[in-house]
Each structure stands twice: as C-alpha cells, then as structure tokens.
Amino acid sequence: LAACYAELGRVDEAEAICRRNIALSERWNTPRGAAFARFVLCYALTDSPDKATEAQALAEALIDEYRAARSVRMEGISHLLLTMVLMHAGEFQSAEAEAARAAALLAPYAGIQSWALAMQARARLRLGRVEEALTLARHAYQQLVDSAGGERGRAWPPLVLLECLMAAGRTDEAREQVGTVLHRIEDRAQHISDEGVRQKFWQLRPHAETRALAVRLATASHP
C-alpha cells in the first residue's frame, strides 16, 4: 500500500505507513519485513530535499543488506535509489557511478534497468557529455518501450531523452516526442478519480519536469 501511495505522489501517507511498519517489524523480529519497509521509505523520500540525508543513509544500508542476502534485483534498485539522491544533491560524478552499478545488477530486468540507464544518461548530461548522454538516453527509452516496463521509474527514460535532445540542439525531434510522452502520463492520470491525488501525481518530479519541458518546447522559437 505504501509503495502504491508513493507512486501516486501521496508521499506523506507512504512515509507514515513505512515508519509504522518498520517499528512493528522490529518489534516482532521480522527482518525481511523491516528491510522492505525501509526500501519503500527510501523510495518515498528520494524526492524530499529536507530528508536527503536520511534517504542516502537508508539506500547505503539497503545496498549492504541486500548484497549480503544475495538479492541482486533489490541491491540493484537500492543503488538506483542512491543514484536519485545523489542526482538531486548535484553529485553527478558519484551518481553516474552508482547508476552504472545499478544498470549492471539490473541487466536481467530490462524494464527497471531502463530507469538506471536513463539516470546514468542524465548524470552524463549534467557533466556536459551531451552526445554520450543522448546515445544512452535513446537506448534507455527504446529498452523501456520494448520491455513494456513496470510502473516504478517509467517516467524517467522519456524525460531524460527529451532533455538530451534539447541539449543536443535536436529541438524538432524533441517536439515530435513530447506530445506522446505527455499523453502517456495524462492517460495514467485520468485513471485517478480523486482530484487531489491526481494533482499530487502530476507534482511527482518526472511528471512536473516533463510538463515544464513541454511548455519550454512550445515557446521555443523554430529554426
């Protein structure tokens, strides 16, 4: 339930559930339950600047915990969560390295790996390596499309591709893509009946940034 709330942008509710579940799992001595509750809490906190320190500590601990348990998928996603925290903190060199680790571990899981590849591309873009970033962003986006990737992280590869296209001066191609990207987010938003929750969904970082980028593209002058 907390993971679903986080996906919908109901972050405060997701956080409250996770903290309660962590306390209960520790009281009842159920380590796996506590670990997963910390994982979801970390995911919910990655977009909260005022809780970045806690999110980073959680991600680093989860990496060690899932590595010890030989849970490759969960270790990979934990590296990806750490990547998100580092990206938001402006630590792009470290973020690229973490994203690369995540992508390597998530190779058997094409849908979720596309998110890791997209964040690696975004880190390269922030480091000024535009053509490298664009090549990787195209790969991440196509992998997402081909794999019909799941919910978690699916909004990032399209957004990063648009960012890279614009940075590379391929504005016309970005304009051709942005309508499709926005339509996919809008299609998901239409299934949310509660207006308040729908607004929170649009406030999620990749959705809000995609919408803002669409406005920039609409107002940018044509060559």
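User: How is the lining of the largest pocket made up by class?

Analyst: Ala, Val, Leu, Ile, Met, Phe, Trp, Tyr, Cys and Pro count as nonpolar, Asp, Glu, Lys and Arg as charged, and the others, Gly among them, as polar. In this predicted model, the lining of the largest pocket has twelve nonpolar, seven charged and five polar residues. The model is a prediction in which local features need pLDDT of at least 70 and side-chain atom pairs count only at pLDDT 80 or more, while totals for chains, interfaces and linings use all residues. Residues are numbered from 1 along each chain as its sequence is written, and side-chain values use heavy atoms, with hydrogens and water left out.

User: Which residues lie nearest the centre of the largest pocket, and what is its volume?

Analyst: A pocket is an open set of points on a 1 Å grid over the protein atoms alone, where a 1.4 Å probe fits, with protein on both sides within 12 Å along at least five of seven lines, and lining residues have an atom within 4 Å of a point. Grid points are joined across faces, edges and corners, and a volume is the space filled by probe spheres set on the points. Here the volume is about 390 Å³, and of the 24 lining residues Ala 6, Tyr 43, Asp 47, Leu 204 and Pro 206 lie nearest the centre.

User: Which helix gives the largest share of that lining?

Analyst: Helices are DSSP runs (H or I, at least four residues), numbered from the N terminus. The largest share of the lining of the largest pocket, three residues, comes from H12, and the helices that each supply at least two residues include H1 (2-7), H5 (72-88) and H12 (205-219).

User: How do H5 and H6 pack, by angle and by handedness?

Analyst: Axes are lines fitted to C-alpha atoms, for helices over the stretch in contact, and angles run from 0 to 180 degrees between N-to-C directions. The axes of H5 and H6 (residues 92-105) come within 8 Å and cross at roughly 160°, which makes H5 roughly antiparallel to H6 (an angle over 145 degrees). Their crossing is left-handed, a term for a near helix turned anticlockwise from the far one by less than a right angle.

User: Which residues of H5 and H6 meet?

Analyst: Contact means heavy atoms within 4.5 Å. Among the residues that meet are Leu 80, Leu 82 and Leu 86 in H5, and Phe 92, Ala 99 and Leu 105 in H6. The residues of this contact divide into ten nonpolar, four polar and three charged.

Technical notes:
Angles under 35 degrees count as roughly parallel, over 145 as roughly antiparallel, 65 to 115 as roughly perpendicular and the rest as oblique.
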